[in-house]
Amino acid sequence: MTRHEARDLKATITGGVGADRQHDSAHKHVTGEAVYIDDMPEPAGTLHAYLGLSTIAHGTIRKMDLSEVEEAPGVVALLTENDIPGENDISPAGLHDEPIFASDVVEFHGQPMFAVIAETREAARRACKLATVDYEEKPALIDIAEADPETPRLVTKPLTLSRGDAEAAIAQAPRRIKGQMRVGGQDHFYLEGQIAFAIPGEDMDVTVYSSTQHPSEVQHMVAHALGISSHAVTIEVRRMGGGFGGKETQANVFAAISAIAAKHTGRPVKLRPDRDDDMIATGKRHDFLIDYEVGFDDEGRILGVDLRYAARCGLSADLSGAVTDRALFHCDNTYFYPAVHAVSAPLYTNTVSNTAFRGFGGPQGMLGAERIIDEVAFALGKDPLEIRKRNFYGETERNVTPYHQTVEDNVVHRVVAELEKSADYATRRRAIANFNASSEIIKRGIALTPVKFGISFTATQFNQAGALVHVYTDGSVHLNHGGTEMGQGLYTKVAQVVAEELQIDIDQVKITATTTGKVPNTSATAASSGSDLNGMAAQNGARQIKNRLIDFAADYYGVPKEQIEFLPGRVRVGNQEIDFPDLIKQAYMARVQLSAAGFYKTPKIHWDRDAGKGRPFYYFAYGAACAEVSIDTLTGEYMVERVDILHETGKSLNRAVDLGQIEGGFIQGMGWLTTEELVWDEKGQLRTHAPSTYKIPLASDRPKIFKVALADWAENAEPTIHRSKAVGEPPFMLAMSVLHALSDAVASVADHKISPRLNAPATPECVLMAVERLRAASAKAG
């Protein structure tokens, strides 16, 4: 049927942009039907690899005896550095500082030294334990607090941001405070661990199924390790069971070793470490030591700040340069500093190379800013929220960041004002003060903290994306793009974009696995840019096809292009309406190309790192959270009583997915700041390498009352995909409200006259010690 006469016409498509569409694999996640790499059927002859890890943090390898390993039951092959046909390096920074296998020197406890290839995974694991290694052990630097303060060893070049004369501003300020804050790291604790499954092909070809956020980088690393061109390596990933940044570079070593083993043996090889070894051998969120000095006036206005962000980076650069840069980019959060000097210190340590993690240094940067706000508030005896609002960026003035970007889209005033009202902040603060006055043991605290997070890769070249769109003759659509799906709903959002562009139901859009064989040279799915970049690229591809269809219809039916309109499931051409599949068939018969490669690059951004100036971010995402907690001053134990969140996502592509990201991000951030403690002993061994010792939040840890809302008025000032905003990372930092609510509760034991200076994570032990410290200081002062 080509004409619509007397039949129902759809008013809207199903699953278009703005629809609260569930995650495309949600039902598979809960039923166990979702296929992850370890669920894939194994071809006949599949072998299994396992890693032999170092047992010291620093030293030279005198001798490594693998004879018993080689003779163990089921062992087929061994791999050491001598078996790597290409480069023994997986450094993403290109500094050749991160070997696949340690050669002569071991630089952290748990560093891969060899791999065992066996008929079964169990056989490979058992054989690894039979190795005998003779080390010459050397002193190890584990804690960054012990680094040489004058000439510390750095893994990459530090960054300096400067605007105005901070030293003079601080010196001339009526009030000054100096201090230090320790911020802990965090393990990614993805549900699906690291895994790679390599299948050798003919000639030099190899296909690797890798649980990675960055297929193109894995492709390059595998090619370098094998000494072949990238065109011989195909990386594919349909879904990951979580990533959070931990599969941006950390997947490289597992993919490279499985590929080397597959080509070495001529058989498929799977490599999957257990949880303990995964946690020991892979990088984490950087922990920081933040030194700060602030000058301010009697009203609480900040006049100048001097900051040093020192990070534990591990043995190699990995992504530490970009992480510490982004920490400095967020040392202001939502606050204007009239004069600022900030430096990074990416420090070498004999620990695993730390890496990307949700927020990518931004959360650590913001914590420094919020600590300064707290210090000023306690010094003046004022509500920290009053000091926060007094120092907010302005909308037309006081709006230049430490890196000289003008904040043009500031909505923090409105977000905070609306949350302050909806959360009934003032009334609750008074009620909490009354409660604490009459409660000797249980104390309550409340805090409202804002977030301003910059969106874009700070390495400008990564701000690009590609997509491949095919329309088949029955009107169904095949979609592929460079973004990866790790549970965040990216595939669903991009499919919604294509459905909206072509005005077809989302069920007609087939989402396919990310593969380097379809879309090349992709950027990592990171920096909260997945929807921004890949959504625009997919829209571009769909729009190319749409424009060809318009040109065809105008010519075929002899009507002006202006009289052609895509409607839900059909196309209006002049005075008639044609079903979308029918138009596609007609276009195919007329030899119209129904496939397109879409592309997008983010405009406006630029960055001069040497000068510390530019526009590294396309726009900013804003939000705020109000948290209320109660603490037991006898034990340090605490509960999060209530959390209210207002977050703006621009014109949301999918509110249901966005709300899920906000809730999940907040809880993960809360874990980082409260219970998730990484502990290395004096020998450099990670002691918290399993769920028994490393505590992520449980369902029972979520706030008793948890209210999350999207700002329904929000719209991105920049022409992003349907004026939406990124939502992957910004909500993580909303959890700062919990840390500051705990600080508020602790401060009540000394009548809010002493800054608790809580470090993170604020475990119950830390809270208890802070309570005792403040009580002692208060008694001494009184």
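Reader: Is phenylalanine 435 buried, partly exposed or exposed, and what relative accessible area does it have?

Author: In this predicted model, phenylalanine 435 has a relative accessible area of 31%. Because partly exposed covers the range between under 20% (buried) and over 50% (exposed), phenylalanine 435 counts as partly exposed. The residue lies in helix 12, which runs over residues 425-438, and together with Ile441, Ile442 and Leu634 it makes a nonpolar surface patch of about 320 Å².

Reader: How should I read salt bridges, and how many does a search of the whole structure find?

Author: The general idea is that side chains of opposite charge can pair when their charged atoms come close. In this model, a search of the whole structure finds 47 salt bridges. One of them joins aspartate 374 to arginine 388, with the closest N and O atoms 3.6 Å apart. That pair links distant parts of the chain, since aspartate 374 belongs to helix 9 (residues 362-380) and arginine 388 to helix 10 (residues 384-390), 14 residues apart. Both aspartate 374 and arginine 388 are buried.

Reader: What is the N to O distance in the salt bridge of glutamate 648 and lysine 725, and where in the chain do the two residues lie?

Author: The side chains of glutamate 648 and lysine 725 meet in a salt bridge at 2.6 Å, N to O. Glutamate 648 sits in the loop between strand 28 (638-647) and helix 16 (655-674), whereas lysine 725 sits in the loop between strand 29 (705-710) and helix 17 (736-747), so that the pair, 77 residues apart, links distant parts of the chain. Glutamate 648 is buried, with a relative accessible area of 2%, and lysine 725, at 5%, counts as buried too.

Reader: Are glutamate 386 and lysine 382 buried or partly exposed?

Author: Glutamate 386 is partly exposed at 30% relative accessibility, and lysine 382 is partly exposed at 27%. These two residues form a salt bridge with each other, the closest N and O atoms being 3.7 Å apart.

Reader: Which residues are linked in a network of salt bridges?

Author: The network links Arg428, Arg444, Glu628, Glu641, Arg642, Asp644 and Lys704.

Reader: Turning to strands, in what sense do strand 21 and strand 22 pair, parallel or antiparallel?

Author: As a general idea, in a regular strand the side chains alternate between the two faces of the sheet. Here, strand 21 (residues 564-567) and strand 22 (residues 570-573) pair in the antiparallel sense over four bridges, and glutamate 565 stands opposite arginine 572 in strand 22. The two strands form a hairpin with two residues between them, and glycine 569 in the turn has a positive phi of about 75°.

Reader: How many bridges join strand 22 to strand 23, and which glycine takes a positive phi in that hairpin?

Author: Strand 22 and strand 23 (residues 576-579) pair over four bridges, in the antiparallel sense. The bridge partner of valine 571 is isoleucine 578, in strand 23. This hairpin has two residues between the strands, and glycine 574 takes a positive phi near 65°.

Reader: For the chain as a whole, how many helices and strands are there, and what is its radius of gyration?

Author: The secondary structure comes to 18 helices and 29 strands. The radius of gyration is 28 Å, close to the 28 Å that the globule rule gives for 782 residues, so the chain is as compact as a globular protein of that length. Buried residues make up 61% of the 782 residues, and, among contacts between residues at least 6 apart in sequence, 80% join residues at least 24 apart.

Conventions
Residues numbered from 1 in each chain as written. Predicted model: local features only at pLDDT ≥ 70, side-chain atom pairs only at ≥ 80, totals over all residues. Heavy atoms only, no water. Patch = residues over 30% accessible without salt bridge, like charges linked within 9 Å, V, L, I, M, F, W, Y side chains within 5 Å. Areas by Shrake-Rupley, 256 points an atom, 1.4 Å probe, with all protein chains shown as cover. Salt bridge = Lys/Arg side-chain N within 4 Å of Asp/Glu carboxyl O. Buried < 20%, exposed > 50% of the residue type's maximum accessible area, 1.4 Å probe, protein only. Pairing = 2+ DSSP bridges. Rg over C-alpha atoms; globule rule 2.2 N^0.38 Å. Contact = heavy atoms within 4.5 Å.
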